[in-house]
Amino acid sequence: MPVSHCLMLMLATAVAFAAAITAAFASPSPSTFANYAATPLKILPLQRAFPLDEPVELSELRARDSIRHARILLGRGGRQSSIGGVVNFPVQGSSDPFLVGLYFTKVKLGSPPTEFNVQIDTGSDILWVTCGSCSNCPRSSGLGIELHFFDAPGSLTAASLTCSDPICSSAFQTTAAQCSENNQCGYSFRYGDGSGTSGYYMTDTFYFDAVLGESLVANSSAPIVFGCSTYQSGDLTKSDKAVDGIFGFGKGKLSVVSQLSSRGITPPVFSHCLKGDGSGGGVFVLGEILVPGMVYSPLVPSQPHYNLNLLSISVNGQILPIDAVAFETSNTRGTIVDTGTTLTYLVKEAYDPFLSAISNSVSQLVTPIMSNGEQCYLVSTSISDMFPPVSLNFAGGASMMLRPQDYLFHYGFYDGASMWCIGFSKALEEQNILGDLVLKDKVFVYDLARQRIGWANYDCSMSVNVSVTSGKDIVNSGQPCLMISRKDMLLKLFSSVLLALLICTFFTLT
């Protein structure tokens with residue numbers, strides 16, 4: 001073989017591999033783009049509801065949780081079952097109850113779009129925002145955010161639901177559909193604490209960023225039904241914790257999850273991973289986060305919220321003697337998984353044995369102390385070396401293993417020692433509610449199609465892989481990553497050129 005032919009072969013090999021490298025780093029081809037476009041990934045940022053440096057008393061935190069639980073206990077829900085793309089909500093915030101780990105996100109509605117700060121709420125169904133016509137709604141917020149109001153007449157794509165719309169004749173969660181004099185379908189939410197909101201249903205464009213792969217972002221939108229609040233009462237009128245509305249992720253037909261999945265925009269599954277230490281953060285995904293070691297427990301049928309069958313509680317490997325009535329499920333009893341609750345609440349029949357077991361196991365190692373009516377402990381070393389592991393045992397053989405930092409929280413210092421307090425509280429109602437304190441540092445998957453919830457321990461500061469279509473394709477949510485590094489590609493290029501040179505030499509000599 002002539003030397004010129006050898007050089008041409010080596011050059012062709014190098015060009016071919018360089019083209020492969022370029023294709024790997026370049027934007028997707030039209031066909032690839034079309035495949036991604038069928039199952040887009042959308043991003044909305046989540047933020048804390050309270051500044052990180054603003055401490056809050058535990059009594060105020062319990063009062064806030066109590067209001068939330070009154071709302072939860074009034075709910076009703078439904079189911080959907082379709083398959084689609086993925087929505088990703090990068091999270092900011094902390095599960096530290098002393099600093100108040102509350103989360104909200106920004107959404108855009110209307111044409112032209114207006115941005116709203118709305119609290120993420122898995123305990124209710126409806127997305128509602130404050131209408132510009134509301135006369136008694138807060139005009140400022142102590143959270144350091146600017147409040148906005150939905151201008152229905154000013155949106156080119158807004159439309160009110162009429163009284164003849166099927167939504168107006170159906171009962172959704174706590175809503176009472178009403179027909180106004182101008183043929184608008186109205187609603188009224190009344191919460192157990194006496195607060196409430198009323199207004200009317202709207203349809204308008206909901207905007208989001210669609211991630212069509214690991215690095216390609218495009219604007220996208222979808223029409224949704226939401227509430228436009230014209231009246232608020234009770235704590236909703238207070239400015240200290242005011243936001244623009246509530247973003248419901250419950251099981252009802254009008255929740256954002258159900259609306260998007262019923263049209264194939266998202267699958268009937270969502271996941272979250274809340275970072276528990278440092279500055280907090282994490283991710284909230286309408287889709288399935290894929291991690292190894294996931295265990296599942298079936299959802300309790302015919303319940304409006306995310307109820308699980310809690311069977312027992314173990315401390316240091318020993319099952320506690322708890323009356324079975326503590327874990328019964330009915331219209332008013334049961335165990336709810338709720339990201340909007342900060343602490344964890346157990347009914348009296350379960351709380352008392354749990355507190356006794358923890359105190360007895362560390363009686364020789366720490367100094368017990370009561371602080372503002374709370375059971376606390378003065379600790380001179382790491383809590384991991386002194387406090388026992390706890391296990392919440394659910395139906396289906398799934399156990400949730402809790403470290404000491406998953407049921408204790410740091411409450412400051414006293415007499416030169418670190419003070420840690422029990423993060424479980426006695427439930428005022430008859431429901432056990434698992435809040436962020438135990439949900440943090442774990443991936444949780446709410447698989448509504450299979451009616452189950454799964455979880456696994458995970459470092460929530462890391463990116464996660466998310467199922468795009470029925471668990472077959474994945475997108476990396478977080479720092480974009482490539483399967484082959486630049487170093488690997490250069491090594492492969494060198495190997496290819498060397499192989500071509502050897503082939504040329506062989507044929508030249510022969």
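Reader: How many helices and strands are there in the chain?
Author: The predicted model has 7 helices and 33 strands in the chain. Of the 510 residues, 53% are buried. Among contacts with a separation of 6 or more, 71% join residues 24 or more positions apart.

Reader: What is the mean pLDDT of the chain, and which share of its residues reaches 70 or more?
Author: The mean is 75, and 66% of the residues reach 70 or more. Over residues 70–84 pLDDT stays under 50, although the model has 58 contacts beyond four places in sequence for them. Where pLDDT is low, the predicted coordinates should not be read in detail.

Reader: Which residues have the most contacts inside the largest nonpolar core?
Author: They are Ile313, Phe354, Tyr377 and Phe387, in a core of 76 residues. Helix 5 (residues 348–361) supplies the largest share of this core, 6 residues. Apart from it lies another core, of 14 residues, including Cys273, Ile289, Val443 and Cys460. In soluble globular proteins, nonpolar side chains tend to be buried together.

Reader: What does Phe354 touch, not counting residues up to four places away in sequence?
Author: Phe354 touches Ile313, Val315, Leu320, Leu346, Val390, Tyr407, Ile422 and Phe424.

Reader: Why is the pair of Phe116 and Phe150 called tilted?
Author: The ring centres are 6.3 Å apart, and the cut-off for a pair is 6.5 Å, so the two rings count as a pair. The structure holds 17 aromatic pairs.

Reader: Where in the chain do Phe116 and Phe150 lie?
Author: Phe116 is in strand 5 (residues 114–121), and Phe150 is in the loop between strand 6 (128–130) and strand 7 (159–160). They are 34 residues apart, and the pair links distant parts of the chain.

Reader: How do you know whether Phe116 is buried or exposed?
Author: Buried means under 20% relative accessible area. Phe116 has 0%, so it is buried. Phe150, at 3%, is buried as well.

Reader: What makes the pair of Phe409 and Tyr411 edge-to-face?
Author: The angle between the planes is 80°, and edge-to-face asks for over 60. The centres are 5.7 Å apart. Phe409 has a relative accessible area of 3% and is buried, and Tyr411 counts as buried at 12%.

Reader: Which residues do ring pairs link into a cluster?
Author: The cluster consists of Phe206, Phe247, Phe249, Phe270, Phe284, Tyr306 and Tyr446.

Reader: How do you know where the charged end of Arg139 sits?
Author: It is over the ring of Phe149, 4.4 Å from the ring centre, against a limit of 6 Å. Arg452 lies over the face of Tyr296, at 3.6 Å from the ring centre.

Reader: What makes a polar contact between the side chains of Ser312 and Asn393?
Author: The distance is 2.9 Å, and the cut-off is 3.5 Å. Ser312 lies in strand 18 (residues 310–315). Its relative accessible area is 13%, so Ser312 is buried.

Reader: Which polar contact does the side chain of Asn432 make with another side chain?
Author: The partner is the side chain of Thr335, at 3.3 Å. The side chain of Asn432 also reaches the backbone nitrogen of Val347 at 2.8 Å. Asn432 is in strand 29 (residues 431–434) and is buried, with a relative accessible area of 0%.

Reader: Why does Asp415 count as exposed?
Author: Exposed means over 50% relative accessible area, and Asp415 has 73%, so it counts as exposed. Asp415 lies in the loop between strand 26 (408–414) and strand 27 (417–422). Its phi is near 55°, a positive value in a residue other than glycine. Ser302 also has a positive phi, of about 60°, and is exposed at 67%.

Reader: What is the peptide bond from Ser111 to Pro112, cis or trans?
Author: That bond is cis, with omega near 0°. Pro112 is in the loop between strand 4 (103–109) and strand 5.

Technical notes
Residues numbered from 1 in each chain as written. Heavy atoms only, no water. Core = buried A, V, L, I, M, F, W, Y, C linked by side-chain atoms within 4.5 Å. Buried < 20%, exposed > 50% of the residue type's maximum accessible area, 1.4 Å probe, protein only. Helix = DSSP H or I, 4+ residues; strand = E, 2+ residues; numbered from the N terminus. Contact = heavy atoms within 4.5 Å. pLDDT = per-residue confidence, 0-100. Phe/Tyr/Trp six-rings, centres within 6.5 Å; stacked < 30°, edge-to-face > 60°. Lys NZ or Arg CZ within 6 Å of the ring centre and 35° of its normal. Polar contact = N/O pair within 3.5 Å; in protein donor to acceptor, adjacent residues only side chain to side chain.
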